Structure formats: structure tokens, C-alpha cells
Amino acid sequence: MTRSSVQGENTLKGASDAPGRAETTVESADGTEGTEGEAGSTSAAGTPGTDDGDGGAEAVRRRPRAGRRALRWTAVTLAVLIVGTASAGYLYYEHLNDNIKKVPLNLGDSKVAPPTPNAAGQTPLNILVIGSDARDSEENQKLGGARETFGSTPLADVQMLVHLSADRSNMSVVSMPRDTLVEIPRCTDPDDGEVYPASEGRTMTNQSLGHGGPGCTVATWQELTGIHIDHFMMVDFAGVVSMADAVGGVPVCVDANIHSRDGQGHGSGLKLEKGTHPIKGEQALQWLRTRYGFEDGSDLARAKAQHMYLNSMVRTLRENATLSSPNKLRRLAEEATGALTVDPGLDTVKKLYDLSNELRGVKPERITMTTMPNRYVGARVEPTEDAEQLFRLVREDIALDGKDAKKKASDDEPKVSDDPAAADDEIAVRVRNGTRTDRLGLARGRATTVAGLLVEQGFAKAVADSSVLPSESLTVVRYPTADLEGDAQRVAKSLGIPTSSVHRSTDVSGVTLVVGADWREGTAYKAPAADDKTPDSAKALNGGDESACMHVNPAFTWS
């Protein structure tokens, strides 16, 4: 649903699919959108009104609302390029540094340990790119919506995790739909010390930004995925049009004439003839915002178009010298640094430039953009079992394009915890039955059976827990805090469950074994062969694919 990619040659690109000037939008507290003067209403509790202004309530039920601002990626490019190509001088350099806003990396209470270095001492790099819909300035308001939205709580409408492999050979991007239901952890605002309690149940992920800032969005991602995040970059609406112009035109393709406008005036206004055309400026924004006219008119189609655009941008920036003018670079650097909020680890142009050098060697053919696999829950979406598979591949630094060199089995197995396990008869274990799948019903009695196995092996405090019936494709052991990691690994070892299936999670209060669909019968667990394939439901798009072309809905074509 949204988010996409990184630029391999000179940098990350600032994300920003901000609304174009042809159609301003309004967003309510829950992130629904409407054309100005026709916005969807939202109650104090966040319940969508009867009209979202973009196709009605029925459209909201049918379509997840993805982030619409992928072009904000472009903003980061400017801050990186200015140091390497423009002779600006020390004072100007400091001026640009002062433009960059800095806030803490993680506002949550729990942390995720960084990955273990590989044999060469290298570690992966994970960067969360956040697109904010803040209407906190005149320019942001002009781009972002109606007058009544000025100063409203910002939403993290674009969320993309950029993963740079430990050996720096490949890059993966995982986009999360803005309407994904997640549990937002307890976060503390660094400015005023206000404590935002953990959400009661699940809520939309884009609301995490309003719980103290981008550091809470980082904390939410880490809680959900178990992935250690090293940095974040957040960009608002400002400067998007001029940055799109700076690229000098990005080729995009449509398989028929398209005009994104319906009889009620909904749509981005994009109008293109069939074929491949370079687009820039406002037209680029229209492309990135277009939903009416692409494929089924959903946010999934819009995300696909955004991924295509950003892949093409990566190739364009590698192949030409459009950004060679010092004056143009200075103007763009002003726009980029003024729109950026970062963590302290990226708070200078020099640090951003150093980051670009990390990314420089990745060829477009080794960049893979994906969307978190999801399913509908009413008008929202939730992660599926395939999402956990995608998160695992990122955690274990496995390339999503399938082109990793073959690893030894020992390379894939996580390190055994340094935390010593308690005596077996002192380890409390809850066993849950998670054998239900989309195609198979619950295998009865599995929690009781496996709890009995543990008791026979000396885990006297193992009990079956029927209060929660999760669904897990693979059997997994979870633990909430670092002091229980050794206990969790000891339980897994006793049953033959690999250490790679032991995960820290705040969803449990103690060591918890979930019997998955891979252990529906019998008393001996046989770990399935590792499946390191990117799920088809992640809709992976390779950065080197120059043949990609958007399918135009016949209702939005013209002759």
C-alpha cells in the first residue's frame, strides 16, 4: 500500500506522495480522506462517517487506505547530494544542518536487540521512513487539505522500512498500509514528558505518530515485527513539487489512455496517453496519488504505481546528470532539509551523505519493494501469516529477491542466549493451540497434548491455555523480556523447536508456546525445511524491471 524504495546511486529518496494541486483532500482523525468540502466525517471515537468523499462508505469498507505520499522519498536525496556536488562553504553547511529537525529514535519502553554481526563483522541497517500528513505550516496546509485541518494531530500515513543487507549487496523495502490494525505501545513525548498509555486493543498504525512523535511509530514497528530499527526519517508535505521537478522527468507507463476523474470530480486529475512518458512536478504528484483509473481503483493499485515510479526514479538518477547544477542543488537542499525530521544518528548533512555512501553500491536489480501481506478486518487490514514470514526474512537478513549466496545451516541459526535458563521445573510455560489456518479448522486438544509432553520432560509448571486461540503457520515460542529469553530457548530445545522460532514479544506475559499448523498431530515436532521465499502476497517489485506498466481501468480511459 505504499511505500517504496530507495535510491541506490546517490541516496535514499524523500517519501512524499503529497496531494497535488489539482485535488486537495481532507483527512479525518482516523485517516479517511475526502475532496475538500466533502470530507468523510469521524466521530470522537474515530468511527468513519457515511461518506469518505472518495467513493462513499462502501469504498472505505472495500479498500484499505494506503499512504499517499511516497514521493517524500525524494526529499532525502537533496540533503545527501548537496555535500557531494555543491561547493557551499561551512556557513551554508551549518545552515542546512540547522534546518534539519531532530527528535529521539524510540519513545517506547521496550527495545529490540541489534542483529548479530556476520562473519565479516557487518550488520544490516534498518531505516523507517515516515510520511507525515502534518498541516502545521501555510505550505503544508496548501498541499494537505481544507482549512479546518490546520494544526490537527498528524498521522503517519506513509510507513516504509528500508533494510540494507549486512554485506551491502541488496536492499529490501516493506510498506505497511496506514490502516493496519496494531497495538501501539506505551510512549513518552520527549518535549513535555506526557505519557501515552498503550492502546486498548488494536488501532490504526498511522495514529502512532500522535503518541509523542515518530519515535512512537518506530516503537510500534519494533513491537510488531521484532526488527531492530537503527534510524528514522520523517518528511512532511513541504517542498514536494520542486523536488519532483528536480529529477527532470521520470518515465512511467500506462497500457491505455487515462484520465483520473469521475463524474463527481473524484480523482487525481492525471491525464496521459497510452505508452511511456516522462513526468515531473505536479504531474508526478498526480501519478503518485492516482487511485481512480488504475486497475481496481484500490490503494493496492496506487501502491503498485508508486513502486513503479520510484524504481524508475532510481534508474533515472543513476543514468543522468540532471542534478548537476549547483544553484538547483542549493534550492533543493533548502527544501529537503527543511522538510526532514530525523533521529540524532542522522542529524547532519554529513551523516546523511555517509548514509548515501552505504547505499551507493546497491544496483536497482537488487532492490526489492514489497507491501506487508494483509487481509481485511471490516474497513481496516491486519497482518497475515505471510507478513510474519516477510518480517522473518528481514530479521534474518535474507534478500527478498532470492539471490543470496547459499548459507550454511549454522549461519541461519540465531545465537543461543547468554541469559541462563532456570531449572526446568521452575519455568512457567503457557501452551496455546494455534493450529487453525485459513483452510483448516482447529486441531482439537493440541495445547493439552503438548503441555503434557512438557510436564513429562520435567516442566512441571507447563499448562494448556485455552483462553487465546491464535493462528500460527509455524510453532513458535514467545517471551516478553530479556530475562526470560534463556527459559524460552530451553523450552524450545526440549521439544526440538529451532532457536529461530523463539521470539521476544510484548503480546505475552510469560514464556508462551503456540502450537502451529505445522504440528497438528503427534508428539514429536519436526521442524519444516526453511522457506526463505518472499511470499507472493507481498507483491514484490524488482527495481530493475523496466517493463512494468500500469493497467488502466476501462471506465477511466479516453480517445
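Helix α13 (residues 446-456) has R446, A447, V450, A451, L453 and L454 as its buried residues, buried meaning under 20% relative accessible area, exposed over 50% and partly exposed in between (1.4 Å probe, protein chains only). These residues lie on the same side of α13 because they cover an arc of only 155° around the axis, the arc being that of the directions from the helix axis to the C-beta atoms. Helices (H or I, at least four residues) and strands (E, at least two) are DSSP runs, numbered from the N terminus.

This is a predicted model, in which local features need pLDDT of at least 70 and side-chain atom pairs count only at pLDDT 80 or more, while totals for chains, interfaces and linings use all residues. Residues are numbered from 1 along each chain as its sequence is written, and side-chain values use heavy atoms, without hydrogens and water.

T448 and E456 are exposed on the face of α13 turned away from its buried side. Just after α13, G458 has a positive phi of about 105°.

The structure holds 20 salt bridges, each a side-chain nitrogen of Lys or Arg within 4 Å of a carboxyl oxygen of Asp or Glu. Three of them are listed here.

| Pair | Closest N and O atoms |
|---|---|
| E382 and R202 | 2.8 Å |
| D347 and K351 | 2.8 Å |

K461 sits in the loop between α13 and β21, and E426 in the loop between α12 (409-412) and β20, 35 residues apart. Salt bridges that share partners join R202, R375, E382 and E385 into one network.
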